[in-house]
Structures are given as structure tokens and as C-alpha cells.
Amino acid sequence: MLPLRSHNSYLASIGHRLSGLALALFLPFHFIMLATALGGSDSLAGALALVDRPLFKVAEWGLVTLLALHLSFGIRVLALEWVASSQSPGTLGRWVISCAGFALLVGGIMLFRMA
């Protein structure tokens with residue numbers, strides 16, 4: 001039997017929590033950026049010029065990938081709550097791999113669209 005912390009479900013729960021934490025840390029900055037629109041078009045244009053830099057493009061890619069990861073692992077949690085608890089451990093591993101694959105696919109699509 002695998003130690004509890006090396007199980008795929010444990011790793012998925014850590015991924016879900018860390019991506020949620022990163023998204024929660026991002027939200028205040030997002031709201032500050034939106035608030036610049038209240039200062040007029042010049043203020044918003046200055047803020048938008050700032051985020052047009054390559055570093056921000058990479059951060060935007062990371063944000064979308066984290067959002068997809070958080071979404072897919074959240075759907076995994078919901079599915080596990082709805083499905084009978086007598087599933088085989090292999091099924092849970094496939095859920096984790098498919099959720100991570102979905103997140104990487106969404107991040108990849110965004111990466112290619114930015115290029």
C-alpha cells in the first residue's frame with residue numbers, strides 16, 4: 001500500500017489548494033487594475049501599456065493554466081463526491097491524470113494563441 005502523501009489523490013488535492021491560493025493572491029491585483037478604469041482613459045491606457053510586456057504575458061499564461069488546473073481538480077472533487085466510494089484506486093489515478101492533462105491543454109492553447 002502506498003504512503004498517504006505519495007498517493008495521486010493527495011497530490012491532486014495539494015495542486016487544487018495551491019492553485020486556489022495563487023488565484024486568491026492574484027485577485028487584488030486584478031481589482032486594482034480594473035479600478036484604473038475609474039481614473040479615466042489615460043489612467044487605463046497607462047495600466048494596459050504596463051501589462052503588454054513579455055513578463056506579464058508569461059504571467060497571464062501561468063494564470064490561465066492555474067485557473068484550468070483549479071477548475072479541473074475542482075470538478076474531480078465534485079465527481080468523487082457523486083461517484084460511489086468503492087471505486088478502484090486506478091480510477092482515481094486516471095481522474096488526476098486527465099485533470100492535469102486538461103489544465104496543460106488549456107495552457108498550451110493559450111500559449112499558442114499568444115504567439
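Is L63 buried, partly exposed or exposed? L63 counts as partly exposed, because its relative accessibility is 23%, and buried here means under 20% relative accessible area, exposed over 50%, and partly exposed in between (1.4 Å probe, protein chains only). Let us walk through the rest of the model from there.

**How to read the model**

This is a predicted model, in which local features need pLDDT of at least 70 and side-chain atom pairs count only at pLDDT 80 or more, while totals for chains, interfaces and linings use all residues. Residues are numbered from 1 along each chain as its sequence is written, and side-chain values use heavy atoms, with hydrogens and water left out.

The score pLDDT is the predictor's confidence in each residue, from 0 to 100. For the protein chain its mean is 80, and 83% of the residues reach 70 or more. Where pLDDT is low, the predicted coordinates should not be read in detail.

**The overall fold**

The protein chain holds 4 helices and 0 strands, and along the sequence the pattern reads α-α-α-α. Helices (H or I, at least four residues) and strands (E, at least two) are DSSP runs, numbered from the N terminus. Of the 115 residues, 22% count as buried. Contact means heavy atoms within 4.5 Å. Among contacts between residues at least 6 apart in sequence, 72% join residues at least 24 apart.

| Residue | Location | Relative accessible area |
|---|---|---|
| S13 | helix α1 | 19% |
| T36 | loop between α1 and α2 | 17% |
| G46 | helix α2 | 43% |
| L63 | helix α3 | 23% |

S13 is buried, and a polar atom of its side chain lies 2.7 Å from the backbone oxygen of Y10. A polar contact is a pair of N or O atoms within 3.5 Å; within protein, one must be able to donate a hydrogen and the other to accept it, and residues adjacent in sequence count only if both atoms are side-chain atoms.

T36 is buried too. The T36 side chain reaches the backbone oxygen of M33 at 2.5 Å. Leaving aside residues up to four places away in sequence, T36 touches S43, L44 and A47. G46, which is partly exposed, sits 10 residues from T36 in sequence and 8.9 Å from T36 in space, C-alpha to C-alpha.

Back at L63, the residues touched are L23 and F26, not counting those up to four places away in sequence. L63 and A22 are 41 residues apart in sequence, with 8.4 Å between their C-alpha atoms.

**The largest pocket**

The largest pocket has a volume of about 500 Å³. Of the 16 residues that line this pocket, F26, M33, V51, F56 and E60 are the closest to its centre. Helices α1 (8-35), α2 (41-50) and α3 (54-82) are the elements that each give two or more residues to the lining. By type, the lining divides into 12 nonpolar, 1 polar and 3 charged residues. Here Ala, Val, Leu, Ile, Met, Phe, Trp, Tyr, Cys and Pro count as nonpolar, Asp, Glu, Lys and Arg as charged, and the others, Gly among them, as polar. On a 1 Å grid over the protein atoms alone, a pocket is an open set of points with protein on both sides within 12 Å along at least five of seven lines, where a 1.4 Å probe fits, and lining residues have an atom within 4 Å of a point. The volume is the space filled by probe spheres set on the points.
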